[in-house]
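I opened my notebook to look up a few things in this structure.

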Amino acid sequence: MSGTDDKLVGVETVNSPAASNDLVKAVDKLLNEIGPKFTKVSAELFAKMDEMAQRLDDMEAAIKAGNDPATEGN
């Protein structure tokens with residue numbers, strides 16, 4: 001085998017329209033399967049980020065309230 005042939009081991013070429021069509025269908029099916037999963041994970045990630053942002057805002061407010069000279073000595 002030449003160096004070029006080594007790179008093509010296990011790779012099938014798509015020569016016919018039917019094979020190309022099958023590949024397109026397989027890719028479309030895969031995208032349809034992972035699309036909703038990606039949407040769900042994205043929504044969960046954004047929800048966690050919003051929760052963390054709210055907790056940080058609460059923490060910042062508590063720190064500011066603790067350092068406020070008007071609230072000290074009460």
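**A patch on the surface**

I began with the surface: Leu-23, Val-27, Leu-30, Leu-31 and Ile-34 make a nonpolar patch of about 430 Å². Patch residues have over 30% relative accessible area and no salt bridge, and nonpolar side chains (Val, Leu, Ile, Met, Phe, Trp, Tyr) are joined within 5 Å, like charges within 9 Å. I looked up Val-27, which sits in helix H2 and is partly exposed at 39% relative accessible area. Buried means under 20%, exposed over 50%, and partly exposed in between (1.4 Å probe, protein chains only).

**How I read the model**

This is a predicted model, where local features need pLDDT of at least 70, side-chain atom pairs need 80 or more, and totals for chains, interfaces and linings use all residues. Residues are numbered from 1 along each chain as its sequence is written, and side-chain values use heavy atoms, with hydrogens and water left out.

**The helix**

I found two helices and zero strands in the chain; these are DSSP runs numbered from the N terminus (helices H or I, at least four residues; strands E, at least two). H2 covers residues 17–67 and reaches 72 Å from first to last C-alpha, close to the expected 75 Å (1.5 Å times one less than its number of residues). At Ile-34, H2 bends by about 25 degrees, and Pro-36 follows within four residues. That bend is the angle between axes fitted to the seven residues ending there and the seven starting there.

**The salt bridge**

Which residue forms a salt bridge with Lys-64? I found Glu-60, with the closest N and O atoms 3.5 Å apart. The term needs a side-chain nitrogen of Lys or Arg within 4 Å of a carboxyl oxygen of Asp or Glu. Lys-64 is exposed at 55%, while Glu-60 is partly exposed at 41%.

Definitions and conventions. Areas by Shrake-Rupley, 256 points an atom, 1.4 Å probe, with all protein chains shown as cover.
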